[in-house]
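I opened this notebook to keep track of what I looked up, entry by entry.

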Amino acid sequence: MASELLLVAALVIGLGVASKLIGDRYSIPSVVFLLGAGILFGPEGFGLIDPQLFGGSLSTLVSLSVAIIVFEGAFNLDVDTLRQAPASTLRLVTIGSAITLVGLGVAIHIFLGLQWSLSLVISALLVATGPTVITPILDQVDVRENVRAILEIEGIVNDVVAAVLAAVLFEVVALGHGFPLVGGSVQQSVLTEFLSRIGLGVIVGTAIAALSAYVLRYLSESPQHSRITALATALLSFAIADSLASEAGIVSVAVAGILLGNANIPYHEAVSEFKDDITVVVLGVVYLLLAALLTIEDLFALGIGGLAVVLVTAYIVRPLGVWLATRRASFTPNERLFISFVGPRGIVPASVATLFSLELAAEGVPNASSVVSVVFLVILVTVVVQAGSARFLAERLDIIPMKILIIGGGRTGRTLADRLEQRGENPVIVERDDATVAELRRDGYSVVHGNGTKAAILKEAGIENATKVAATTGSDDQNILTCQTARTRFGVDDLVAQVNDPENRDAFEDLGVRTVSPILATAYTMDNMMIRPGMFPWLSEFADDRDVSDVTVSDQAAIGTTIAELDLPEGCIVGLLKKNGERLVPMPDTTLERGDVVTLLGRVDAIDEARSHLTEVI
């Protein structure tokens, strides 16, 4: 028995690691492969993984694993992101959650015929999207910072809300337990108990985080000390709070993670890397074991009603909540559509539903097994469909911004980042000065702290996914070394650098770096103002509603047509054409070929529409 359990445990960890490697290789969130492996190797497949071998310790193992996962997500959530979260984020975790709770509750009651008590418990569990599925998606799909922030915050907050709300409804409504501290209606009991468990979790999480921060600051002498202290923080905060009130541990561990992750502690980066690594292991353990619990017969028994619940979850309730929450927010229509689509349910509903189902069955509540079946069906379909196709959808909706690294967070770098943000791009600033980094983060910029000439820092900033690098520091030596590193170590060809001494331009240009000299740029600008007074104001207002954009011709419908035959929208013209490496002034009868670069001038909206006529949609 012991040897069999050891073999299963080793197999689970091995499959978890393999799923992570395959997911990263093919840019698909690993949870898709984890669920598939759990079913394939579980009792419904080859039978190599039997969760029953873990006996009563399975729920404890899952609970502690969930604690580590939630703590890791909260630890990496920047408090500045929380402070600057738009009102749409608050609406999504309140109005959006309420719509999910009520809408799904009604759908489950109607389509599956379950009693209202179980319908509400299940819908409360399915409020949670969770960092266990959102984070792997965002690791594979680059989106603008505001899109990433709203999805990450929603995942962490909703894990907490869903777990506590479901636990309260489970005890008050499904089991009919009363609470002596409340006299009155069931509604009062639900609200009071919900708030009391949230409050208890906040108190315990805050106390444990404060104690851990003290230990880390004054007693920690190595990265190892910091790592094991952080792990103990996650497990202790969860265990203590959960022993006092069911599911208060989720609140406690989330609060402890946020507070400790944003505290001034030594070896912060080492802790973060350790948490990322251990989360890969426990994520694999939890998803594989819970997927192995799935009974295909029970899922099919839900029939058309179960499928209807999944469709309502993904394509009615979720989009309705998102569109109401994000109205008048700074999201494009395509970004709102992407947020609406990305709402897969995570590990918290699965683990809690398993525990609830067992207790309901013990209490003799009818349809107890339906809790697990419905929750797992929604998780399985939403994870496979939404997580598996998130990158494809992001590419089709054209919401993946061009990642650009800006080396230097001074006035030039900051201004450049502002302009790129306005164009919907994804600039990341690399800055070495502590005070400047703090100021940039406070103002909402995406910043990596370090020396931009170092390959490790550039890699941390995401240069492997960057298409352009701009060196904007006041040191020509640092700028040229940064460009050399970007090109030779990471193969980035599109390099732009500020040249502070015009005599150094040749050195940059010999390396193939395009240069901007503040002295010469000022002279050229003043020259344009005097010589071209009519054209200069138009050129200087690109950041408002006008733009100049280079577009590479790749759409089959555009290839072989002439400039005159192009179906360009009003407010946009072709200004230049680059053909076979040569810049030309296009004539009406100039024929476009694949790979030609067209320079469009006009209104921003018109250029965006024209781009869709010239580039192939993948």
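The entries below follow the order in which I looked things up.

**Ground rules.** I noted that this is a predicted model, in which local features need pLDDT of at least 70 and side-chain atom pairs count only at pLDDT 80 or more, while totals for chains, interfaces and linings use all residues. Residues are numbered from 1 along each chain as its sequence is written, and side-chain values use heavy atoms, with hydrogens and water left out.

**Cysteines.** I looked for disulfides, a disulfide being a pair of cysteine sulfur atoms within 2.5 Å, and the structure holds zero of them. Cys483 counts as buried at 0% relative accessibility, and Cys572 is buried with a relative accessible area of 8%.

**Helix α19.** Helices (H or I, at least four residues) and strands (E, at least two) are DSSP runs, numbered from the N terminus. In α19, which covers residues 434-442, I found Thr436, Val437 and Leu440 buried. They lie on the same side of α19, because they cover an arc of only 100° around the axis, the arc being that of the directions from the helix axis to the C-beta atoms. An α-helix has 3.6 residues a turn, so residues three or four places apart point the same way. The face turned away from the buried side of α19 carries the exposed residues Asp434, Ala435 and Arg442. What covers the buried residues of α19 includes α18 (411-422), β2 (426-431) and β3 (447-449), where contact means heavy atoms within 4.5 Å. After α19 comes Gly444, whose phi is positive, near 95°.

I used a 1 Å grid over the protein atoms alone, on which a cavity is a set of points where a 1.4 Å probe fits but cannot get out, and a pocket is an open set with protein on both sides within 12 Å along at least five of seven lines; lining residues have an atom within 4 Å of a point. Grid points are joined across faces, edges and corners, and a volume is the space filled by probe spheres set on the points. The second largest pocket holds about 450 Å³ of space, and among its 21 lining residues Gln52, Leu293, Thr354, Leu358 and Val372 lie nearest its centre. To that lining α16 gives the most, with five residues. Searching the whole structure, I found one cavity of 30 Å³ or more, and the volume of the largest cavity is about 80 Å³.

How values were computed: Buried < 20%, exposed > 50% of the residue type's maximum accessible area, 1.4 Å probe, protein only.
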